[in-house]
Amino acid sequence: MNELTAETRAQMVELTHRYPEKRSAIMPILHLAQSVQDEVTPEAMQMCADVLDLTTAEVNAVATFYTMYKRRPVGKHHIGICTNTLCALLGGDAVYEAVSERLGAGHNETDVNGTFWLERIECQAACTHAPAMTVDWEFMDCQTPASAVDVIDRLARGETVVSTRGPAIRDFQATEHTLAFPADGLAGEGGEADAIMCAGLTVAKERGMSAPPAPAQGA
């Protein structure tokens with residue numbers, strides 16, 4: 001496990017300067033710590049508490065409430081598969097089962113090599129492209145059991161895998177650093193809104209539909 005350093009602490013302090021109240025930086029600071037140690041450790045929570053003038057209990061309350069913060073090492077890649085209503089109806093459960101069998105891991109478990117962490121996600125906010133899978137929180141849209149397993153196989157071989165709407169997959173720790181410091185230079189990578197995402201707008205234009213006018217101000 002990598003150690004938290006004076007540089008890590010300095011970056012935590014830098015994050016506090018982005019908010020009117022420094023305690024508001026707790027979530028990006030936890031992502032920063034996770035980018036270094038691959039999990040949120042007691043050491044990280046203590047440093048976070050010291051920087052934010054909070055108790056470790058207050059930091060622990062946040063770290064254990066949000067599921068994106070892990071208390072065990074994630075490994076190189078986090079695999080999230082949505083099995084909420086729409087994704088499930090379109091095959092999300094089958095995608096999850098195929099990936100689980102490939103990795104030999106269940107929900108919130110790693111494979112035998114500690115390389116892949118598998119998580120059954122309640123919602124990926126990507127219903128237009130169901131079933132949705134994420135790799136290190138980058139979208140892999142419209143998956144099938146076969147295509148999802150192929151993504152795992154390619155990553156395991158060290159091949160470049162490009163996400164559906166974003167950059168090439170890096171690794172979990174790199175994405176965690178982006179969640180702390182979003183200006184990673186990758187915002188322009190990936191495609192624009194596609195036909196699936198714009199389907200409602202397309203139908204509305206074909207049928208001459210438009211939104212009602214906004215009410216007059218003061219009406």
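**Overall fold, salt bridges and a buried aspartate**

From the N terminus on, the elements of the chain follow the order α-α-α-α-β-α-α-β-β-β-β-α-α-α. In total the chain has nine helices and five strands, where helices (H or I, at least four residues) and strands (E, at least two) are DSSP runs numbered from the N terminus. The model is predicted, and local features therefore need pLDDT of at least 70, side-chain atom pairs count only at pLDDT 80 or more, and totals for chains, interfaces and linings use all residues. Residues are numbered from 1 along each chain as its sequence is written, and side-chain values use heavy atoms, with hydrogens and water left out.

Taken along the principal axes, the C-alpha atoms of the chain fill a box of roughly 60 × 60 × 30 Å. The chain exposes about 11,600 Å², of which carbon and sulfur atoms supply 55%; accessible areas come from the Shrake-Rupley method with a 1.4 Å probe, and for residues only the protein chains shown count as cover. Of the 219 residues, 42% count as buried. Buried means under 20% relative accessible area, exposed means over 50%, and partly exposed lies in between (1.4 Å probe, protein chains only). Among contacts in the chain with a separation of 6 or more, 64% come from residues 24 or more positions apart, a contact being heavy atoms within 4.5 Å.

Helix α3 has the buried residues Ala-44, Met-45, Met-47, Cys-48, Ala-49, Val-51 and Leu-52. These buried residues of α3 pack against α1, α2 and α4. An α-helix has 3.6 residues a turn, so residues three or four places apart point the same way. Just after α3, Asp-53 takes a positive phi of about 55°.

Asp-53 also takes part in one of the salt bridges of the chain. The structure holds twelve salt bridges, each defined as a side-chain nitrogen of Lys or Arg within 4 Å of a carboxyl oxygen of Asp or Glu. Lys-22 and Asp-53 form one of them, with the closest N and O atoms 2.7 Å apart. This pair links distant parts of the chain, as Lys-22 lies in the loop between α1 (6-16) and α2 (26-37) and Asp-53 in the loop between α3 (42-52) and α4, 31 residues apart. Lys-22 counts as partly exposed because its relative accessibility is 33%, whereas Asp-53 is exposed because its relative accessible area is 57%.

A salt bridge also joins the side chains of Arg-120 and Asp-93, at 3.2 Å from N to O. Here too the pair links distant parts of the chain: Arg-120 is in strand β3 (residues 116-121) and Asp-93 in helix α6 (residues 92-103), 27 residues apart. Arg-120 is partly exposed at 31% relative accessibility, and Asp-93 is partly exposed at 35%. Glu-14 is partly exposed, with a relative accessible area of 38%, and Arg-18 is partly exposed at 47% relative accessibility.

Helix α6 also contains Glu-97, which counts as partly exposed at 45% relative accessibility. The C-alpha atoms of Glu-97 and Val-149 are separated by 10 Å, although the two residues are 52 apart along the chain.

Asp-38, in the loop between α2 and α3, is buried yet has no salt bridge. Its nearest side chain of opposite charge, Arg-72, is 10 Å away; Lys and Arg count as positive and Asp and Glu as negative, while His and the chain ends are not counted. A polar atom of the Asp-38 side chain lies 2.7 Å from the backbone nitrogen of Gly-75. Leaving aside neighbours within four places in sequence, Asp-38 is in contact with Ala-33, Arg-72, Pro-73, Val-74, Gly-75, Phe-172 and Gln-173.

On the surface, Met-27, Phe-65 and Tyr-66 form a nonpolar patch with about 310 Å² of accessible area together. Patches are made of residues with over 30% relative accessible area and no salt bridge, with like charges joined within 9 Å and nonpolar side chains (Val, Leu, Ile, Met, Phe, Trp, Tyr) within 5 Å. Tyr-66 is found in the loop between α4 (56-65) and β1 (77-82) and, at 37% relative accessibility, counts as partly exposed.

Technical notes. Polar contact = N/O pair within 3.5 Å; in protein donor to acceptor, adjacent residues only side chain to side chain.
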